[in-house]
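Dear colleague,

I am handing over the structure we spoke about, and my notes on it follow below. Please read them with the model open beside you.

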Amino acid sequence: MIVFVRRWFLNPWTQLAICVLLATTAEIFLKLGARQTANPASAWSWTGLTGLRSHWVWWGILASVVSLFNWLATLRKLPLTIAFPVGNVVHILVPLSCWIFLGEAILPLRWCGIALVLLGLMIVAQPAATLEERM
Amino acid sequence: MTLFAALLIFVTVSCFVAGQILLKRAMDIIAQPTSSRLHATLVFTSAIVVFAMNFFINIGLLQRFDLSYFFPFQGLSVVIIAFAGAFILHEKVSLRLTIGSIVISLGVILVSIS
């Protein structure tokens, strides 16, 4: 049983799924932290440093770091030309999470824009990943 | 959106792309048998600094905009990679990359006016 769980966990597709979920979670945590510490009147707030006062931002940092390790584990087994397009699912999960968890009102025009960005990413996925690999 | 906010969005997306390229360059240097540890450390540190800039500017932007509004702009990273590839590597930008970049840009324009 332990061997099965271990093999399942180390599978690159599992690592990619965890990476995408954690990246989405990190964005939500960072937005919660930003919302908590927002002070548009302060000139310093553009630097984002004021966000460090929120524990949500620290959870967001943790989720981002773990997600990065999952991404590196994914790239050890899967080529970037496959991992990159699949990883783009985060562009669906984040707006959906904003709508469900943050209660953001997403107007049809914004959904159309998000859909176009996703479509564009699907079109460029392979050439962009190849280019990034070369760079 | 103000011109300053648009500029910051461009800076943060560019920082993200630059950080990725520097991180990959650091890994390539480490993988070489005759690599200089100092050189690899410098490139790696630059990647971390650039990523940190990207992170904090993101927080500053998130304090002002909805996440569902700001997040699609990250799709522009692919457009910047295409242009960086053309300028740095003198790559010929493929038709597919050009069409995809235009579609992403149109999507970002729709989001920005929403």
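A crossing of two helices is called left-handed if the near helix is turned anticlockwise from the far one by less than a right angle, and right-handed if clockwise. Helices here are DSSP runs (H or I, at least four residues), as strands are (E, at least two), and they are numbered from the N terminus. In that sense, α1(B) passes α2(B) in a left-handed crossing.

This is a predicted model, in which local features need pLDDT of at least 70 and side-chain atom pairs count only at pLDDT 80 or more, while totals for chains, interfaces and linings use all residues. Residues are numbered from 1 along each chain as its sequence is written, and chains are lettered from A and ligands numbered from 1 in the order in which they are written.

Chain A has six helices and zero strands, and its C-alpha trace spans about 50 × 40 × 30 Å along the principal axes. Of its 135 residues, 39% are buried, meaning that 20 or more other C-beta atoms, placed from the backbone, lie within 10 Å of the residue's own. In α3(A) the buried residues are A:V57, A:G60, A:A63, A:S67, A:N70 and A:T74.

Turning to the pairing of the chains, 41 residues of chain A are in contact with 41 residues of chain B, where contact requires C-beta atoms, placed from the backbone, within 7 Å. On the chain A side, α2 (12–37), α5 (90–101) and α6 (108–134) each supply at least two residues, and the largest share, 17 residues, comes from α6(A). By class that side has 27 nonpolar, eight polar and six charged residues (Ala, Val, Leu, Ile, Met, Phe, Trp, Tyr, Cys and Pro count as nonpolar, Asp, Glu, Lys and Arg as charged, and the others, Gly among them, as polar).

Two helix pairs deserve a look. The axes of α2(A) and α5(A) come within 9 Å and cross at roughly 45°, with axes fitted to C-alpha atoms over the stretch in contact and angles running from 0 to 180 degrees between N-to-C directions. These two helices are therefore oblique to each other, since angles under 35 degrees count as roughly parallel, over 145 as roughly antiparallel, 65 to 115 as roughly perpendicular and the rest as oblique. Their crossing is right-handed. In chain B, α1 (residues 3–31) and α2 (residues 37–62) pack at about 155° with their axes 8 Å apart, which makes α1(B) roughly antiparallel to α2(B).

Best wishes

Methods:
Two residues are in contact if their C-beta atoms, placed from the backbone, lie within 7 Å. A residue is buried if 20 or more other C-beta atoms lie within 10 Å of its own, exposed if 12 or fewer, and partly exposed in between; C-beta atoms are placed from the backbone.
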